[in-house]
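Please read them with the structure open.

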Amino acid sequence: MTNNHVVDGATEVQVTLADGRELPAKVLGRDSKTDLALLKIDAKGLPSIALGDSTELQVGEPVMAIGNPFGLEQTVTTGIVSATGRVIGEGPYDDFIQTDASINPGNSGGPLINGKGQAVGNNTALVSQTGGSVGIGFAIPTNLVKPVVTQLAQNGHVVRGWLGVA
(Lines give C-alpha, C1' and ligand atoms only; values in the text may rest on other atoms or scores of the structure.)
Protein backbone atom coordinates (compact mmCIF):
# COMPACT_ATOMS: atom_id res chain seq x y z
CA MET A 1 0.00 0.00 0.00
CA THR A 2 1.22 3.51 -0.80
CA ASN A 3 -0.14 6.89 -1.83
CA ASN A 4 -1.61 7.48 -5.27
CA HIS A 5 0.51 10.60 -5.70
CA VAL A 6 3.64 8.43 -5.30
CA VAL A 7 2.83 6.28 -8.37
CA ASP A 8 0.70 8.73 -10.38
CA GLY A 9 2.10 9.04 -13.89
CA ALA A 10 4.74 6.34 -13.38
CA THR A 11 5.42 3.97 -16.27
CA GLU A 12 7.40 1.63 -14.00
CA VAL A 13 7.28 1.14 -10.24
CA GLN A 14 10.09 -0.41 -8.20
CA VAL A 15 9.94 -1.36 -4.53
CA THR A 16 13.13 -1.43 -2.47
CA LEU A 17 13.05 -3.85 0.44
CA ALA A 18 14.86 -3.44 3.76
CA ASP A 19 17.46 -6.03 2.65
CA GLY A 20 18.33 -3.90 -0.39
CA ARG A 21 16.51 -5.95 -3.02
CA GLU A 22 14.74 -3.91 -5.69
CA LEU A 23 11.69 -5.58 -7.18
CA PRO A 24 9.36 -4.47 -9.94
CA ALA A 25 5.85 -3.75 -8.69
CA LYS A 26 2.52 -3.91 -10.42
CA VAL A 27 -0.04 -1.26 -9.54
CA LEU A 28 -3.18 -3.26 -8.73
CA GLY A 29 -5.31 -0.17 -8.32
CA ARG A 30 -5.36 3.51 -7.49
CA ASP A 31 -7.86 5.87 -5.93
CA SER A 32 -7.17 9.57 -6.40
CA LYS A 33 -10.03 10.66 -4.11
CA THR A 34 -8.38 9.07 -1.06
CA ASP A 35 -4.81 9.27 -2.46
CA LEU A 36 -4.28 5.53 -2.02
CA ALA A 37 -2.70 2.93 -4.30
CA LEU A 38 -2.14 -0.81 -3.95
CA LEU A 39 1.04 -2.44 -5.27
CA LYS A 40 1.97 -6.10 -5.77
CA ILE A 41 5.46 -7.53 -5.81
CA ASP A 42 6.51 -11.13 -6.40
CA ALA A 43 8.17 -12.09 -3.12
CA LYS A 44 7.46 -14.60 -0.38
CA GLY A 45 7.93 -14.51 3.37
CA LEU A 46 7.92 -10.74 3.73
CA PRO A 47 7.22 -9.26 7.15
CA SER A 48 3.96 -7.44 7.60
CA ILE A 49 2.44 -5.09 10.11
CA ALA A 50 -1.02 -5.40 11.62
CA LEU A 51 -3.55 -2.71 10.79
CA GLY A 52 -4.93 -1.14 13.94
CA ASP A 53 -8.22 0.61 14.60
CA SER A 54 -7.66 4.30 13.92
CA THR A 55 -10.91 5.23 15.69
CA GLU A 56 -9.22 4.23 18.98
CA LEU A 57 -6.52 6.92 18.59
CA GLN A 58 -6.43 9.51 21.35
CA VAL A 59 -4.97 13.01 21.13
CA GLY A 60 -1.60 12.91 22.88
CA GLU A 61 -1.02 9.23 22.09
CA PRO A 62 2.55 8.49 20.92
CA VAL A 63 3.06 7.48 17.27
CA MET A 64 5.95 6.75 14.90
CA ALA A 65 6.18 7.65 11.22
CA ILE A 66 8.31 5.42 9.01
CA GLY A 67 9.38 6.45 5.54
CA ASN A 68 12.07 7.32 3.05
CA PRO A 69 12.37 11.11 3.39
CA PHE A 70 14.81 12.67 0.96
CA GLY A 71 15.97 9.16 -0.02
CA LEU A 72 17.08 8.28 3.52
CA GLU A 73 15.70 4.75 3.82
CA GLN A 74 13.96 3.40 6.89
CA THR A 75 13.79 6.72 8.70
CA VAL A 76 11.71 6.70 11.88
CA THR A 77 10.37 9.83 13.55
CA THR A 78 8.27 9.99 16.69
CA GLY A 79 5.61 12.30 17.97
CA ILE A 80 2.05 12.33 19.18
CA VAL A 81 -1.40 12.38 17.68
CA SER A 82 -2.18 16.09 17.58
CA ALA A 83 -5.75 15.72 16.29
CA THR A 84 -8.05 13.34 14.44
CA GLY A 85 -10.71 14.03 11.82
CA ARG A 86 -8.79 16.94 10.29
CA VAL A 87 -10.06 18.48 7.05
CA ILE A 88 -7.22 20.10 5.09
CA GLY A 89 -8.82 20.60 1.67
CA GLU A 90 -7.14 17.62 -0.02
CA GLY A 91 -10.31 15.98 -1.30
CA PRO A 92 -13.84 14.83 -0.63
CA TYR A 93 -12.75 12.25 1.95
CA ASP A 94 -10.65 14.45 4.23
CA ASP A 95 -10.45 12.79 7.65
CA PHE A 96 -6.78 13.00 8.51
CA ILE A 97 -4.77 12.12 11.59
CA GLN A 98 -2.63 15.13 12.46
CA THR A 99 0.74 14.37 14.02
CA ASP A 100 3.80 16.27 15.12
CA ALA A 101 5.98 13.29 14.11
CA SER A 102 8.10 14.71 11.30
CA ILE A 103 6.55 13.98 7.89
CA ASN A 104 8.80 15.03 5.00
CA PRO A 105 8.83 14.54 1.23
CA GLY A 106 9.46 10.81 0.83
CA ASN A 107 7.47 9.76 3.89
CA SER A 108 4.36 9.38 1.72
CA GLY A 109 2.99 5.87 1.72
CA GLY A 110 4.78 4.84 4.88
CA PRO A 111 2.94 3.76 8.01
CA LEU A 112 2.02 5.78 11.06
CA ILE A 113 2.38 3.32 13.93
CA ASN A 114 0.81 3.39 17.39
CA GLY A 115 2.38 2.21 20.66
CA LYS A 116 1.03 -1.32 20.10
CA GLY A 117 3.07 -1.64 16.91
CA GLN A 118 0.02 -1.42 14.65
CA ALA A 119 -0.29 0.73 11.54
CA VAL A 120 -3.01 3.28 12.28
CA GLY A 121 -2.40 5.57 9.32
CA ASN A 122 -0.76 6.05 5.93
CA ASN A 123 1.56 9.09 5.94
CA THR A 124 0.43 11.35 3.14
CA ALA A 125 0.78 15.10 3.52
CA LEU A 126 2.67 17.98 5.04
CA VAL A 127 1.18 21.43 5.38
CA SER A 128 3.95 24.02 5.48
CA GLN A 129 3.99 27.76 4.94
CA THR A 130 7.54 27.61 3.61
CA GLY A 131 7.21 24.45 1.50
CA GLY A 132 9.96 22.94 3.63
CA SER A 133 9.79 20.20 6.21
CA VAL A 134 8.74 22.59 8.99
CA GLY A 135 5.02 22.05 9.14
CA ILE A 136 2.21 19.79 10.24
CA GLY A 137 2.08 16.12 9.17
CA PHE A 138 -1.01 14.18 8.21
CA ALA A 139 -1.87 10.51 7.74
CA ILE A 140 -4.88 8.76 6.23
CA PRO A 141 -6.55 6.73 9.02
CA THR A 142 -6.53 2.95 8.59
CA ASN A 143 -10.30 2.79 8.99
CA LEU A 144 -10.53 4.71 5.70
CA VAL A 145 -7.64 2.74 4.16
CA LYS A 146 -9.06 -0.77 4.84
CA PRO A 147 -12.21 -0.63 2.65
CA VAL A 148 -10.40 1.25 -0.13
CA VAL A 149 -7.52 -1.24 -0.27
CA THR A 150 -10.00 -4.15 -0.22
CA GLN A 151 -11.77 -2.73 -3.29
CA LEU A 152 -8.48 -1.98 -5.04
CA ALA A 153 -7.40 -5.60 -4.52
CA GLN A 154 -10.73 -6.96 -5.80
CA ASN A 155 -11.59 -4.53 -8.62
CA GLY A 156 -8.56 -2.32 -9.27
CA HIS A 157 -10.72 0.72 -8.50
CA VAL A 158 -13.19 1.96 -5.91
CA VAL A 159 -16.91 1.87 -6.54
CA ARG A 160 -18.86 4.50 -4.66
CA GLY A 161 -22.56 5.01 -4.41
CA TRP A 162 -24.05 8.30 -5.49
CA LEU A 163 -27.46 9.87 -5.73
CA GLY A 164 -28.44 12.39 -8.35
CA VAL A 165 -31.32 14.62 -7.37
CA ALA A 166 -32.78 17.50 -9.33
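1. The model is a predicted one, in which local features need pLDDT of at least 70 and side-chain atom pairs count only at pLDDT 80 or more, while totals for chains, interfaces and linings use all residues. Residues are numbered from 1 along each chain as its sequence is written, and side-chain values use heavy atoms, with hydrogens and water left out.

2. Four residues lie between the strands in the hairpin of β8 and β9, and there Gly117 takes a positive phi near 80°. On β9 there is also pairing with strand β10 (residues 136–141), in the antiparallel sense and over six bridges; in β10, Ile136 is the bridge partner of Val127.

3. Why is strand β9 largely enclosed by the rest of the structure? Seven of the nine residues of β9 (residues 119–127) are buried, so the strand is largely enclosed; buried here means under 20% relative accessible area, exposed over 50%, and partly exposed in between, with a 1.4 Å probe and protein chains only.

4. A nonpolar core is a set of buried Ala, Val, Leu, Ile, Met, Phe, Trp, Tyr and Cys residues joined through side-chain atoms within 4.5 Å. The largest such core has twelve residues, among them Leu38, Ala125, Phe138 and Val149. At least two residues of this core are supplied by each of β4 (36–41), β10 and α2 (142–155), and the largest share, five residues, comes from α2.

5. With contact taken as heavy atoms within 4.5 Å, Val149 touches Met1 and Leu38, residues up to four places away in sequence not being counted. A second, separate core of ten residues includes Leu57, Ile97, Ala101 and Leu112.

6. An open sheet is formed by four strands in the order β1-β4-β3-β2, with antiparallel pairing, and its edge strands are β1 (2–3) and β2 (13–16), each of which pairs on one side only. Four bridges link β2 to strand β3 (residues 22–31) in the antiparallel sense, and Val13 stands opposite Ala25 in β3.

Terms used
Pairing = 2+ DSSP bridges.
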